[in-house]
Amino acid sequence: MSASETVSREVATLGGGCFWCLDAVFRDLKGMGEVVSGYAGGHVRNPTYEQVCGKGTGHAEVVQVTFDPAELSYADLLRVFFTIHDPTTKDRQGADVGPQYRSVVLHHSEEQRHTAEAVMAEITASGIWPARLVTELVPFTEFWPAEAEHQDYFARTPWSGYCRVVIAPKVAKFRKGFADRLKRRPAA
């Protein structure tokens, strides 16, 4: 890349249940740069996984992603987000229960907030979910990266029970529904 070329990047922070699931899907998206699992939306500085699971920090498990808006719009990122988790269950995704598993969009700007409101209205109007969205839409304040063992968990431990039973079906659903958005062809 020449010195005159600039790469535009945008940051999004999203929580939709266990961060391992979102991480696995977002890594496959065209236009995606860095994907980091972590914690946001709470009041404890630099929390640990155990503290967040203890439900007293106010944090949600989230992924913070960097993406190229020329390849992947924030609206399209949110459309993927709203189809790979259930945004109608408060503090729950499947068997994962607690406020750390809440559906949340932490917007980094007023533009992101407006886009999220529009996409949420679009998702509601589409009727793809049988109940109303309970996704929180809140301003981003601070992000705390999760411990190393939580990064790229699905790729590192595909044999684990959670990966086989919970994450793999979500990834397969995403790859089928968004095949034209995949960064690379998944192995057969």
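Here is a short chat about strands, aromatic rings and helices in this predicted model.

User: Before we start, what should I know about the numbering and the cut-offs?

Analyst: Residues count from 1 along each chain as its sequence is written, and side-chain values use heavy atoms, with hydrogens and water left out. The model is predicted, so local features need pLDDT of at least 70 and side-chain atom pairs count only at pLDDT 80 or more, while totals for chains, interfaces and linings use all residues.

User: How many residues of strand S3 are buried?

Analyst: Strands here are DSSP runs (E, at least two residues; helices are H or I, at least four), numbered from the N terminus. Buried means under 20% relative accessible area, with exposed over 50% and partly exposed in between (1.4 Å probe, protein chains only). One side of S3 has Ala60, Val62, Gln64 and Thr66, the other has Glu61, Val63, Val65 and Phe67, and all are buried. S3 (residues 60–67) is therefore largely enclosed by the rest of the structure, and the count is eight of the eight.

User: Which residue of S3 is the bridge partner of threonine 13?

Analyst: Two strands pair if DSSP finds at least two bridges between them. Strand S1 (residues 10–16) runs antiparallel to S3, with five bridges joining them. The partner of threonine 13 in S3 is glutamine 64.

User: Is the ring pair of tryptophan 20 and tyrosine 153 stacked or edge-to-face?

Analyst: Rings of Phe, Tyr and Trp (its six-membered ring) pair if their centres lie within 6.5 Å; planes under 30 degrees apart count as stacked, over 60 as edge-to-face and the rest as tilted. By that rule there are seven aromatic pairs. The rings of phenylalanine 19 and tyrosine 49 sit 6.3 Å apart at 35°, so that pair is tilted. For tryptophan 20 and tyrosine 153, the centres are 3.7 Å apart and the planes at 10°, which is stacked.

User: How many residues apart are tryptophan 20 and tyrosine 153?

Analyst: Both tryptophan 20 and tyrosine 153 are buried. Tryptophan 20 belongs to helix H1 and tyrosine 153 to helix H5 (residues 153–156), so to speak distant parts of the chain, and the separation is 133 residues.

User: At what angle do helices H3 and H4 pack?

Analyst: Axes are lines fitted to C-alpha atoms, for helices over the stretch in contact, and angles run from 0 to 180 degrees between N-to-C directions. Contact means heavy atoms within 4.5 Å, and the H3 residues meeting H4 include Leu78 and Phe82. H3 (residues 74–84) and H4 (residues 110–126) have axes 10 Å apart, and the angle is about 45°.
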